[in-house]
Amino acid sequence: MTADDSGAAPRDTGTDDHVDVDAPTTGDPAGAAEGGDDHSIALRLEQLILGADRRYTPFQAARSAGVSMDLAARFWRAMGFADIGQVKALTEADVLALRRLAGLVEAGLLSEAMAVQVARSTGQTTARLADWQIDSFLEGLTEPQDSGLTRTEITYPLVELLLPELEEFLIYVWRRQLAAATGRVVQAQDDAEMINRRLAVGFADLVGFTRLTRRLEEEELGELVEAFETTAADLVAAHGGRLIKTLGDEVLFSADDVGIAAEIGLRLIETMTHDETMPELRVGIAFGTVTTRMGDVFGTTVNLASRLTSIAPKDTVLVDEAFAEELGRTGDAPVSEADAAAAEKAAEEGTGGPPPAYRFALQPMWQRPVRGLGVIEPWLLSRRS
């Protein structure tokens, strides 16, 4: 599927579903007149990546797949492709994709609305991946070499070599992620918990990022953001959390367990503090019911975590009252310091059991009103010495 009609054949009226497979489908007099060589390489790259020639107009592809043009257009837009009129720009793969989605609907496995959501979530995720691979990966590897070849001339053989390996790796990672996500769903207590779940949700935000954008060169800023996102993603994954999304100077993560979320938040602060190239960081985490949809999270708990992040002092982690209570319930932090001191004293005097092995400490902060959320009581999270 392509949203580029610059190299397509003359427009088709869409009233004839006969396809002349012998007719040229890549020629474009206008495109050839403007940068013919680059245009030809772009078409060759498209054919290499898609594995087929342009052959169908959208109307013809819909007819061949046995779906209405309206539904086909909804699928294409959901996947993130622009309307292209009735240009011969589609391939057999596009027809097969339409046929598969429509088949899932006809078999009753997916509703039509759900099939559109599948197309949209897949399109959004892979679009970002493809942009990253071209901007960061391929661009770096296709710098002009001593051979004297241009980046454009190097790109085709490089893509030809990388394409099958990247495709296999993508499928492997997707299967791994699907297995993990399925496992979480199976372990849910009931059907409602599959969508509305109790999670710890956290934001980590770089302090003073707006000022940095005015002071740093674009390349330096890009390197800083990439280093932050990479570090955050690695820490979240390594400690059992899930990275929901990155927003340049901010990352959103979640965890099923408050102890895991607390560890991630503190590790982020500790790691960034020891990196002189990084600005200060602040983290806010809340615990409660969260609605999950298309890989994202929504709800009051998410909003509260965001507000906690905005009021957190530099290089600290703030959590909400529900998070603090859950840490106490699980034994990761004392319900109160007085209780902890009493338990430790009893252990020392031999009148109680072993001293409690608390990992974290909680300090109540000032209560304050937050618009839309009422009065909240943040707690300062730290490691217990």
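Keep in mind that the model is predicted. The chain has 385 residues, and 37% of them are buried. Its secondary structure comes to 14 helices and 10 strands. One name to watch for is helix α11, which covers residues 258-273.

**The whole chain**

- Now for who touches whom: take the contacts with a separation of 6 or more, and 67% of them join residues 24 or more positions apart.

**The nonpolar cores**

- The largest nonpolar core has 39 residues.
- Inside this core, the residues with the most contacts are L281, I285, F323 and L381.
- Helix α11 gives this core its largest share, eight residues.
- There is also a second, separate core, made of 21 residues, with A61, L71, W76 and L101 among them.

**Where α11 meets α13**

- The partner here is helix α13, residues 321-330, and its axis comes within 9 Å of the axis of α11.
- The two axes cross at roughly 115°, and the crossing is left-handed.
- On the α11 side, the contact is made by V258, G259, A261 and A262.
- On the α13 side, the contact is made by F323, E326, L327 and T330.
- Sort the residues of this contact by type and you get five nonpolar, two polar and one charged.

- L268 sits in helix α11, and its relative accessible area is 0%, so it counts as buried.
- Not counting residues up to four places away in sequence, L268 touches A204, A232, L235, F253 and L281.
- L268 and V236 are 32 residues apart in sequence, yet in space they are 8.6 Å apart, C-alpha to C-alpha.
- E263 also has its place in helix α11. Is E263 buried or exposed? It is buried, because its relative accessible area of 10% falls under the 20% cut-off.
- Leaving aside neighbours within four places in sequence, E263 is in contact with H239, R359, F360 and R383.

**Two loop residues**

- T91 is found in the loop between α4 (69-78) and α5 (92-106).
- Who are its contacts? Leaving aside neighbours within four places in sequence, T91 is in contact with L50, A52, D53, R54 and Y56.
- D315 lies in another loop, the one between α12 (300-311) and β6 (316-319).
- The phi of D315 is near 55°, which is a positive value in a residue other than glycine.
- Why does D315 count as partly exposed? Its relative accessible area is 30%, and partly exposed covers the range between the 20% limit for buried and the 50% limit for exposed.

How values were computed:
Residues are numbered from 1 along each chain as its sequence is written. This is a predicted model: local features need pLDDT of at least 70, side-chain atom pairs count only at pLDDT 80 or more; totals for chains, interfaces and linings use all residues. Side-chain values use heavy atoms; hydrogens and water are left out. Axes are lines fitted to C-alpha atoms, for helices over the stretch in contact, and angles run from 0 to 180 degrees between N-to-C directions. Helices (H or I, at least four residues) and strands (E, at least two) are DSSP runs, numbered from the N terminus. A crossing is left-handed if the near helix is turned anticlockwise from the far one by less than a right angle, and right-handed if clockwise. Contact means heavy atoms within 4.5 Å. Ala, Val, Leu, Ile, Met, Phe, Trp, Tyr, Cys and Pro count as nonpolar, Asp, Glu, Lys and Arg as charged, and the others, Gly among them, as polar. Buried means under 20% relative accessible area, exposed over 50%, partly exposed in between (1.4 Å probe, protein chains only). A nonpolar core is a set of buried Ala, Val, Leu, Ile, Met, Phe, Trp, Tyr and Cys residues joined through side-chain atoms within 4.5 Å.
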